[in-house]
Amino acid sequence: MAAADWGGKADHLAGERATAQFDVDGMKVAWAGSRHAVEVADRMACLVASDPVFRKDTRTMLSRKELFKDTLKKAAHAWKRTVELHLTEEEANLLRLYIDQPGYVDLHWVMFVPAIKGQGTEEQQKKWLTMAYKFQIIGTYAQTELGHGSNVQGLETTATFDPSTDEFIMHSPTLTSSKWWPGGLGKTSTHAVVYARLITEGKDYGIHGFIMQLRSLDDHSPLPGITIGDIGGKFGSGAYNSMDNGVMRLDHVRIPRDQMLMRLAQVTREGKYVHSDVPKQLLYGTMVYVRQTIVADASRALSRAVCIAVRYGAIRKQFGSKAGGPETQVLNYKTQQSRLFPFLASAYAFRFVGQWLKWLYTDVTQKLESKDFSTLPEAHACTAGLKSVTTSATADAIEECQKLCGGHGYLNSSGLPELFAVNLPACTYEGDNVVLLLQVARFLMKTVSQVASGKQPVGTTAYMGNIQHLMQCKSVVNTVEDWLNPAAIKEVFEARALRMAVNCAQNISKAPSQEEGFSELSPDLVEAAVAHVQLIIVTKFIEKLQEDILGHGVKEQLQKLCGIYALHLIHKHLGDFLSTGCVTARQGSLANERLGKLYAQVRPNAVALVDAFDYTDHYLGSALGRYDGDVYSALYKEAWKDPLNETVVPDGYQEHLRPLLKQQLKLSRL
Ligand SMILES: CCCCC/C=C\C/C=C\C/C=C\C/C=C\C/C=C\CC/C=C/C(=O)SCCNC(=O)CCNC(=O)[C@H](O)C(C)(C)COP(=O)(O)OP(=O)(O)OC[C@H]1O[C@@H](n2cnc3c(N)ncnc32)[C@H](O)[C@@H]1OP(=O)(O)O
Ligand SMILES: Cc1cc2nc3c(=O)[nH]c(=O)nc-3n(C[C@H](O)[C@H](O)[C@H](O)COP(=O)(O)OP(=O)(O)OC[C@H]3O[C@@H](n4cnc5c(N)ncnc54)[C@H](O)[C@@H]3O)c2cc1C
């Protein structure tokens, strides 16, 4: 597909593609998850790339107002095409993804609709989702406030029941209770699920969700008592500035009682508070759903950055033989490989763990429907932990890819600054990554204490049941080749994760109270949580390799990437592995030696491995990452599109530059 996009011009990367030792189409299927997934993704990517309305090559040069209007235009056009072409939900989601411009529709589909699905009664779903599915209303998710984001229980907005009118009075009692951040709230949304403290019969029952209409469906003006605006420009050009993140104050706004989302709890006509038999944590269910989707987003963002850096690294040449021979492709430098190939491996690792997480989420949702809530804590820990580890690693990697591309990586036309700016907030939204890792740590501490009392852990913590062995085992690795053994790799990751968790639990137990111990040890707990999450990623990669993987050489390449993913973590976190006694210094250096060999084996396949991501030039949006490798022509062409180049002599010359130059010239003649 990318070849069609490239239009049959010279392929500067043909030599690189010729050295691939595997079937790229087979790898595309492994990456996408199925042949069907490749086909739909291709079709939707081409639809977007071939439609002039979805152009984005000058996006970073637009003013905020122009960018916002462009987003409205693209969203409306996407909806028109969705209806005209009778796209399925899967196709429509992909269309939105390839348009690649954050906007109100993300919040509408990814949070507003799921919040009503998860927290609304059947009747409420029927009423509100019917309108939402037809875009008769546009919704957002208004939880965070100026004063509180992470601490959801600390939110201040109130919803006070008035039995005399059968209404809730929605109110922002303080400046810090202003809703702050919700996407689409600023200028677009007509409705929102608003989270507020429910007060009835004089008692505060904590945070609950309410559906509120915010703007008139006739002229879009805010309804009486509601003050709304945009919170202002954000990091970088283009990027997340297409989104109208908003601020909202409510002044005693009345809504009917039946607009409280009543699946988890109800308020009766008389004002009695009644809690259902479902756990109250389901209030957080929308966040669990979105965290799961963010892992897939992270692998996509990381793979885009890696695709750009690998292709450019194969084109870019610096230095050469002293005898005047050809210069060296920068991708051939070992330092470049050791910085870049772990990201290539991570992109595949995050992709596969994201596919597994989607399965886990579906499984938990089915269990919840039959009132089995037993796997909810694990689903929370897995989504929180994986969201955290994958988004942090992705943001760091995109930044490093910019450096890997040298000066040209710093240009907007490389695509990397925008990719970084748009993915950086994923470390914060849907839960700050450190706050989420502390949730994982809490789950681990509980599991350790259950193991100590003889309970057998299940799922992703099942390894903790093997405590006798894992607390004292020594790695069996004796040669460089031994690090090829998945069982040997898994064992050291399990031992490291368990020992770090047990160390924390033991140290907490020495503190005056559990709470003080947890707080004092929180930096160690975060590291223990990261070790546990990295173990999940490594394990799921190893399990993926046990599946039927079709295509010549595909499995072999994935085995190498799995090795790189695991061994680069051992290298990076060697302190953990040494201090917990899981590996010796010698085994650590054997792992590093193995890593070097794997980099050399991946090198001839690097360009083909990023081709397998199957991105169009439109989606990649990078002069450096073009499929045909014609980097320099593209950079040169892109430069001339800058508004500064619209005139040869710049605006401001007559007022500021000319007088200065004339003045200095006059002075020099005196
Ligand atoms: C180059 C250009 C590219 C352009 C790209 C363009 C487009 C992209 C294209 C597509 C993108 C597609 C999709 C994008 C998807 C999403 C991104 C879109 C938009 C992002 C919008 C962002 C939205 C938000 O941020 S919404 C607000 C989110 N807020 C948070 O996450 C708050 C975090 N805080 C919490 O979750 C909680 O407060 C807390 C930290 C968990 C603490 O909770 P609290 O109740 O105080 O209690 P505890 O006492 O700790 O816990 C009590 C008990 O409950 C358990 N618990 C907690 N949470 C959960 C849960 N979620 N599920 C289950 N159980 C939970 C907890 O463990 C504890 O249990 P215990 O008592 O047994 O220990
Ligand atoms: C681009 C973007 C889009 C967003 N979209 C939405 C949206 O649509 N709807 C919505 O409701 N919200 C949205 N948000 C808000 C987002 O969910 C919050 O910003 C996020 O949950 C973090 O909360 P905070 O800003 O209060 O950070 P804070 O909690 O104030 O974090 C500040 C620092 O304190 C640390 N910290 C906080 N608590 C602890 C603790 N217990 N222990 C240790 N360290 C701690 C954090 O690690 C962080 O370093 C969005 C945010 C962004 C950036």
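## Strand 5 and its partners

Tyr141 stands opposite Val193, a residue of strand 5. This is a predicted model. The pair belongs to the contact between strand 1 (residues 139-142) and strand 5, which run parallel and share four bridges. Strand 2 (residues 158-162) also runs parallel to strand 5, with three bridges joining them. There, Thr160 faces Ile199 of strand 5.

How many residues of strand 5 are buried? Strand 5 spans residues 191-200, and nine of its ten residues are buried. The strand is thus described as mostly covered. In a regular strand, side chains alternate between the two faces of the sheet.

Strand 6 covers residues 203-213 and runs antiparallel to strand 5. Nine bridges join the two.

What lies between strand 5 and strand 6? Two residues separate them, and the strands form a hairpin. Glu201 sits in the turn and has a positive phi of about 50 degrees.

Strand 8 (residues 246-250) runs antiparallel to strand 7. Five bridges join them. Within this pairing, Gly229 has Val247 of strand 8 as its bridge partner.

## Around ligand 1

Ligand 1 has 35 residues around it. Which come nearest? They are Gln281, Tyr284, His380, Tyr429 and Gly431. By type, the shell holds 17 nonpolar, twelve polar and six charged residues.

Several helices contribute to the shell of ligand 1. Helix 7 (104-119), helix 9 (285-315), helix 11 (376-404), helix 12 (416-423) and helix 13 (433-452) each give at least two residues. Helix 9 has the largest share, with six residues. Two domains also take part: domain 1 (137-277) and domain 2 (285-319 + 326-611) each provide at least three residues.

## Around ligand 2

The shell of ligand 2 has 21 residues. Gln143, Thr144, Gly149, Ser150 and Trp181 are the closest. Eleven residues of this shell are nonpolar, nine are polar and one is charged.

Which element gives the largest share of the shell around ligand 2? Helix 13 does, with three residues. Strand 1 and helix 13 each supply at least two residues here. Helix 13 also supplies at least two residues to the shell around ligand 1. For ligand 2, at least three residues come from domain 1 (137-277), and at least three come from domain 2 (285-319 + 326-611).

## The annotated C-terminal region

An unreviewed UniProt entry places the feature "domain: Acyl-CoA oxidase C-terminal" at residues 485-662. What is the helix and strand content over residues 485-662? The chain there is 72% helix and 0% strand. The end C-alpha atoms of this stretch are 74 Å apart.

Definitions and conventions
Residues numbered from 1 in each chain as written. Chains lettered and ligands numbered in written order. Predicted model: local features only at pLDDT ≥ 70, side-chain atom pairs only at ≥ 80, totals over all residues. Near = placed C-beta within 6 Å. Nonpolar A, V, L, I, M, F, W, Y, C, P; charged D, E, K, R; others polar. Domains from an automatic or database assignment. Buried ≥ 20, exposed ≤ 12 C-beta atoms within 10 Å, placed from the backbone. Pairing = 2+ DSSP bridges. UniProt positions renumbered as here; feature names shortened; annotations may be inferred.
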